[in-house]
Amino acid sequence: MTTLSETELFRPPPIIEEMDFRMVDDIFVKYTSSKRGNFLEQHVHEYDHLTMIAAGMVRLWVDDVMVGDFKAPAPIEIKAGKKHRFFALTDCTIYCIHRMHENEPDKERTKEGVAILRRAA
């Protein structure tokens, strides 16, 4: 297993080409498109979810340990409470997919500096 180097841990923020989300019947889908060479910043969820590599190839770290490289199409299960981040080995598109949870408060999440979600009433 390979851990992130200090250089990798303190890279500048990624240049996100495109990001958007949709919700249908309490299913949340967020997509992010990024250019090759960018990190998609580390984050953590309180629930298991699926990340779908829809285009391109990425490298995945979970809890700062490199898991491996994934080429589209590739569904990846991320367990609750696990910090995870991706590095775009090529231009890529990644989908984050999960159901909305009843105990999830209606709030805007900006912990990573990006507004991710405001649940509709």
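Biologist: Is Phe39 buried or exposed?

Modeller: In this predicted model, Phe39 counts as buried because its relative accessibility is 3%. Buried means under 20% relative accessible area, exposed over 50% and partly exposed in between, with a 1.4 Å probe and protein chains only.

Biologist: What are the conventions behind such values?

Modeller: Residues are numbered from 1 along each chain as its sequence is written, and side-chain values use heavy atoms, with hydrogens and water left out. Local features need pLDDT of at least 70 and side-chain atom pairs count only at pLDDT 80 or more, whereas totals for chains, interfaces and linings use all residues.

Biologist: How many aromatic pairs are there in the whole structure?

Modeller: The search finds three. Rings of Phe, Tyr and Trp (its six-membered ring) pair if their centres lie within 6.5 Å; planes under 30 degrees apart count as stacked, over 60 as edge-to-face and the rest as tilted.

Biologist: Why is the pair of Tyr31 and Tyr95 called tilted?

Modeller: The planes of Tyr31 and Tyr95 stand at 40°, so the pair is tilted, and the ring centres are 5.8 Å apart. Tyr95 counts as partly exposed, at 29% relative accessibility.

Biologist: And what is the geometry of Phe39 and Trp61?

Modeller: Their ring centres are 5.5 Å apart and their planes are at 45°, so this pair is tilted. Phe39 belongs to strand E4 (residues 39-43) and Trp61 to strand E6 (residues 57-62), 22 residues apart. Trp61 counts as buried, with 3% relative accessibility. Ring pairs link Phe39, Trp61 and Phe87 into a cluster.

Biologist: Which charged end sits over the ring of Phe39?

Modeller: That of Arg85, 4.3 Å from the ring centre. The criterion is NZ of Lys or CZ of Arg within 6 Å of the ring centre and within 35 degrees of the ring normal.

Biologist: Changing topic, how many residues has the largest nonpolar core?

Modeller: Eleven, among them Leu40, Leu60, Ile78 and Phe86. Such a core is a set of buried Ala, Val, Leu, Ile, Met, Phe, Trp, Tyr and Cys residues joined through side-chain atoms within 4.5 Å. Strand E8 gives the largest share of this core, three residues.

Note on methods. Helices (H or I, at least four residues) and strands (E, at least two) are DSSP runs, numbered from the N terminus.
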